[in-house]
Amino acid sequence: MSKPTMPTNSHAINDDTTVERSTEEDSVDISQLRTPNKVDLSAVYGFLGARTTPDWVAAAIADLPLIIQDHANCEKKAAGTAMNLLFRYEFSYDLQRKLAQLIREEMLHYEQVLGIMNERGQEWRYLSAGRYAKGMLKHKRTYEPAAMIDVLIIGAFIEARSCERFAALAEVIDDERLAKYYRYLLKSESRHFEDYLALAQSLSIEAIDERVAFFREVEAELIISPDAELRFHSGSPA
């Protein structure tokens with residue numbers, strides 16, 4: 001099944017309009033956030049190879065504390081991954097600038113989710129990592145710049161899947177405050193996957209379409225196949 005790898009509304013990474021963040025609208029207090037009326041997710045849905053199963057949505061709704069904490073873990077891991085890349089690949093101004101912005105935004109989201117947990121009286125507990133990221137990273141090439149390109153492509157799928165799941169949860173969740181926060185996240189998360197794709201393409205002489213298509217199949221299989229552990233990015237409940 002053939003799908004486009006780069007959305008038609010993607011921007012070059014040196015386009016200032018794509019990297020400016022509306023920091024004046026961001027707040028640790030989620031009650032102060034302005035939720036967009038509607039976010040066009042057609043590019044996200046077109047990029048992913050499969051949609052989240054109804055069984056996953058039902059399981060997530062049944063165990064929201066786990067999903068909320070794992071979401072916090074995901075934001076923290078995303079910031080950590082971007083930070084590692086920031087130190088490892090210092091040759092590109094555009095790359096450094098974009099990664100710095102991503103780190104700042106992911107950590108803001110992490111702090112917001114911590115606030116939600118505190119608000120709900122939810123204590124932090126140990127959660128093992130799911131299979132999702134590892135299931136994609138095991139296919140990463142081992143030589144540069146191919147390894148870096150693969151990591152960025154994987155990052156694009158993680159961000160797109162996060163966006164798709166926020167939208168799925170916001171539609172059915174019986175908690176308007178949390179649903180509003182998930183709708184707020186759609187704008188940034190829908191942009192992040194394009195950022196990662198643009199960065200990956202900027203490091204490659206050749207088109208990255210083939211690698212994107214490969215990881216699309218890997219990611220879709222992880223999402224639709226049975227999964228024994230419920231996590232924010234887990235597969236269909238076994």
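This is a predicted model: local features need pLDDT of at least 70, side-chain atom pairs count only at pLDDT 80 or more; totals for chains, interfaces and linings use all residues.
**Exercise 1.** Classify the packing of helix α5 (residues 93–119) against helix α8 (residues 176–202).

*Solution.* Start with the axes. They come within 12 Å and cross at roughly 160 degrees. Angles over 145 degrees count as roughly antiparallel. Therefore α5 is roughly antiparallel to α8. Next, the handedness: α5 passes α8 in a left-handed crossing. Then list the contact. On α5, residues include Leu95, Leu102, Glu105, His109 and Ile116. On α8, Tyr181, Leu185, Arg191 and Tyr196 are among them. Finally, sort by class: the contact has 10 nonpolar, four polar and nine charged residues.

**Exercise 2.** Describe the aromatic pair of Phe47 and Phe193.

*Solution.* The structure holds eight aromatic pairs. In the pair of Phe47 and Phe193, the rings lie 4.9 Å apart, centre to centre. Their planes are 35 degrees apart, and the pair is tilted. Now place the residues. Phe47 lies in helix α2 (residues 42–47) and Phe193 in helix α8, so the pair ties together parts 146 residues apart in sequence. Check burial against the cut-off of under 20%. Phe47 has 1% relative accessibility, so it counts as buried. Phe193, at 0%, is buried too.

**Exercise 3.** Locate the pair of Phe166 and Phe232, then find the aromatic cluster that holds these residues.

*Solution.* This pair is tilted, with 5.1 Å centre to centre and 45 degrees between the planes. Phe166 lies in helix α7 (residues 146–172). Phe232 lies in the loop between β1 (226–227) and β2 (236–237). The pair therefore ties together parts 66 residues apart in sequence. Phe166 is buried at 1% relative accessible area. Phe232 is buried, also at 1%. Last, the cluster: Trp56, Phe166, Tyr181, Tyr182, Tyr184 and Phe232 form one.

Key
Residues are numbered from 1 along each chain as its sequence is written. Side-chain values use heavy atoms; hydrogens and water are left out. Axes are lines fitted to C-alpha atoms, for helices over the stretch in contact, and angles run from 0 to 180 degrees between N-to-C directions. Helices (H or I, at least four residues) and strands (E, at least two) are DSSP runs, numbered from the N terminus. Angles under 35 degrees count as roughly parallel, over 145 as roughly antiparallel, 65 to 115 as roughly perpendicular and the rest as oblique. A crossing is left-handed if the near helix is turned anticlockwise from the far one by less than a right angle, and right-handed if clockwise. Contact means heavy atoms within 4.5 Å. Ala, Val, Leu, Ile, Met, Phe, Trp, Tyr, Cys and Pro count as nonpolar, Asp, Glu, Lys and Arg as charged, and the others, Gly among them, as polar. Rings of Phe, Tyr and Trp (its six-membered ring) pair if their centres lie within 6.5 Å; planes under 30 degrees apart count as stacked, over 60 as edge-to-face and the rest as tilted. Buried means under 20% relative accessible area, exposed over 50%, partly exposed in between (1.4 Å probe, protein chains only).
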